[in-house]
Amino acid sequence: MRYILALVFLLLININSIAQQTTEWFPAKLNIQPFTAHFLEPKAGFQYLFELEKVRIDIGTSHDIIHWLNESESFSFGADFYTYTRARSENNFKFPVETVDYLFGVNGGYKSKSEKSEWGARLRFSHISAHLVDGYYNAESESWLGEREPFVYSREFFELIAYYKVFDLRVYGGVTYNIHIVPDEIKKEIFQVGFDYYPQIPATSIFTPFIAYDFKLTGIDEYSGNNIISAGIKFGEPESRGFSILASYFSGKSVHGEFYEITESYVTIGINLDI
């Protein structure tokens, strides 16, 4: 928690200097681009989870409300609103929705750029709640599937991620601190590292290939690792809106709050409309 407070202090110092320069309301682009393999990022698309025979549908957005910037530095303040839903794949193109997670919050970001490199940080304060829904309920037997009943899953947290980018490679590290969480057996701290790489290849100016990795150290009784590896192609500039076709591999505790203690491993393929 003290690292988060230290960063807030540094950001406030930089606001005073940057705010004397250009102010831009409701900018078209994000100051800090989403981290590609980080699960809690704005997405609009779907992925098929092969081993689980499920479909995940993501509907989310993040918008910067204001930018303060000069020639080399920028500070931003924005808001996040996401849902990520898991549905069961059945015959006749039916997808009963089993669970849905909601996230909303605010964020602040700082970025410093030079000709060859870039570094910055993003601080978020967010709330997540999770729910089982009617696709996980058997109306005939009047029971929930797998003898699993709904329970309260909710958390409010600060997330701090700092990054450094050079030669189209961005590496990052971060920490999340849950100031309030239910169930309370979940550990309050989450530690995170990762990277994303969008090589600029002149012969493929229409699209850009990418590869990304995210690792989180999370815990219930003991700490364990969550891994996401993602690769694909993006149509559009790497740091702007576009359309991605991607494949991913996930292993670790479920990303859905109602299944937080279940260990899963699966390959996905899907599409995403990048903001």
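## Asp-168 and its neighbour

Asp-168 is partly exposed, with a relative accessible area of 29%, where buried means under 20%, exposed over 50% and partly exposed in between (1.4 Å probe, protein chains only). Its phi is near 70°, a positive value in a residue other than glycine. Asp-168 sits in the loop between strand 9 and strand 10; strands here are DSSP runs of E with at least two residues, numbered from the N terminus.

Phe-167 lies in the loop between strand 9 (153-166) and strand 10. Phe-167 is exposed, at 66% relative accessible area, and has a positive phi of about 50° although it is not a glycine.

## What you're looking at

This is a predicted model: local features need pLDDT of at least 70, side-chain atom pairs count only at pLDDT 80 or more, and totals for chains, interfaces and linings use all residues. Residues are numbered from 1 along each chain as its sequence is written, and side-chain values use heavy atoms, with hydrogens and water left out.

## A cis bond

Look for Val-182 and Pro-183: a cis peptide bond joins them, with omega about 5°. You'll find Pro-183 in the loop between strand 10 (169-182) and strand 11 (189-197).

## Space inside

Rolling a probe the size of a water molecule over the atoms shows where empty space is left. On a 1 Å grid over the protein atoms alone, a cavity is a set of points where a 1.4 Å probe fits but cannot get out, and lining residues have an atom within 4 Å of a point. Grid points are joined across faces, edges and corners, and a volume is the space filled by probe spheres set on the points. The whole structure has four cavities of 30 Å³ or more.

The largest cavity holds about 480 Å³ of space. It is lined by 32 residues, and the closest to its centre are Tyr-153, Arg-155, Ile-190, Thr-218 and Ser-254. Strands that each supply at least two lining residues include strand 9, strand 12 (207-219) and strand 14 (242-253).

The second largest cavity has a volume of about 90 Å³. Of its 13 lining residues, Leu-30, Ile-32, Ser-62, Asn-107 and Arg-122 are the closest to its centre. Strand 3, strand 4 (73-88) and strand 6 (117-132) give two or more residues each to this lining, and strand 4 has the largest share, three residues.

## One more exposed residue

Ile-59 lies in strand 3 (residues 54-69). Ile-59 is exposed, with a relative accessible area of 57%.

Note on methods
Helices (H or I, at least four residues) and strands (E, at least two) are DSSP runs, numbered from the N terminus. On a 1 Å grid over the protein atoms alone, a cavity is a set of points where a 1.4 Å probe fits but cannot get out, and a pocket is an open set with protein on both sides within 12 Å along at least five of seven lines; lining residues have an atom within 4 Å of a point.
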